[in-house]
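Please look over the structure shown below before reading on.

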Amino acid sequence: LPVPVPWRHSACWSWASGPVHLPGGGWLQGEIRHWKSTDTPPFLTARPERETWLAIDIDVLEIRQWQAGDRYTPLGSPGSRKLQDLFTDAKLNREQKHRLPVIDTPGGILWVPGFPPNDAFKVPASANSALKLTYNPYLSGFSI
């Protein structure tokens, strides 16, 4: 399978400015969602292959391709894991792992679509708002 053209550079993205279209296809969008304390928190029904919910107060995020050595602590994990190991466990082919965006901050990787968000940014049960990130690959036959 052909490897997508490498991204020339990472991009700083303000999720409040609207969706961002990614090199090689797909888009990412973000929004702050609120819910009443009596409602079931919407992050409990998240579709992890396409969305994540984060307790974060940052407007600008970095979007980039996977790089060798990248690691983070997936939600519920006792420690950090290399993205390469997660990709291998998920049986992603070379094209898939190079197409997936890595959502990053100076504090670490927040999320890679198809995988749990970083445990450090999990939404606490007492919260009534969070940042929702949604990824759409819009590629025929491409799935994560």
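## Aromatic pairs, pocket and strands

Trp66 and Phe87 are both buried, where buried means under 20% relative accessible area, exposed means over 50%, and partly exposed lies in between, with a 1.4 Å probe and protein chains only. The model is a predicted one, in which local features need pLDDT of at least 70 and side-chain atom pairs count only at pLDDT 80 or more, whereas totals for chains, interfaces and linings use all residues. Residues are numbered from 1 along each chain as its sequence is written, and side-chain values use heavy atoms, with hydrogens and water left out.

A pair of aromatic rings is described by the distance of the centres and the angle of the planes. Rings of Phe, Tyr and Trp (its six-membered ring) pair if their centres lie within 6.5 Å, and planes under 30 degrees apart count as stacked, over 60 as edge-to-face and the rest as tilted. By this rule there are four aromatic pairs, including the two in the table.

| Pair | Centre distance | Plane angle | Class |
|---|---|---|---|
| Trp35 and Trp53 | 6.0 Å | 80° | edge-to-face |
| Trp66 and Phe87 | 6.0 Å | 65° | edge-to-face |

Trp35 is buried at a relative accessible area of 9%, and Trp53 is buried at 6%. Together with Phe43, Trp35 and Trp53 form one aromatic cluster. Helices (H or I, at least four residues) and strands (E, at least two) are DSSP runs, numbered from the N terminus.

A pocket is, on a 1 Å grid over the protein atoms alone, an open set of points with protein on both sides within 12 Å along at least five of seven lines, and lining residues have an atom within 4 Å of a point. The volume of the largest pocket is about 180 Å³, and its lining divides into nine nonpolar, one polar and two charged residues.

Strand β5 pairs in the antiparallel sense with strand β1 (residues 11-14) over four bridges and with strand β8 (residues 102-105) over three bridges, where pairing requires that DSSP finds at least two bridges between two strands. Ile63 in β5 stands opposite Ala11, and Ile63 also stands opposite Ile103 in β8.

Definitions and conventions:
1 Å grid on protein atoms, 1.4 Å probe; cavity = no way out; pocket = protein on both sides within 12 Å on 5 of 7 lines; lining within 4 Å. Points joined across faces, edges and corners; volume = space filled by probe spheres on them. Nonpolar A, V, L, I, M, F, W, Y, C, P; charged D, E, K, R; others polar.
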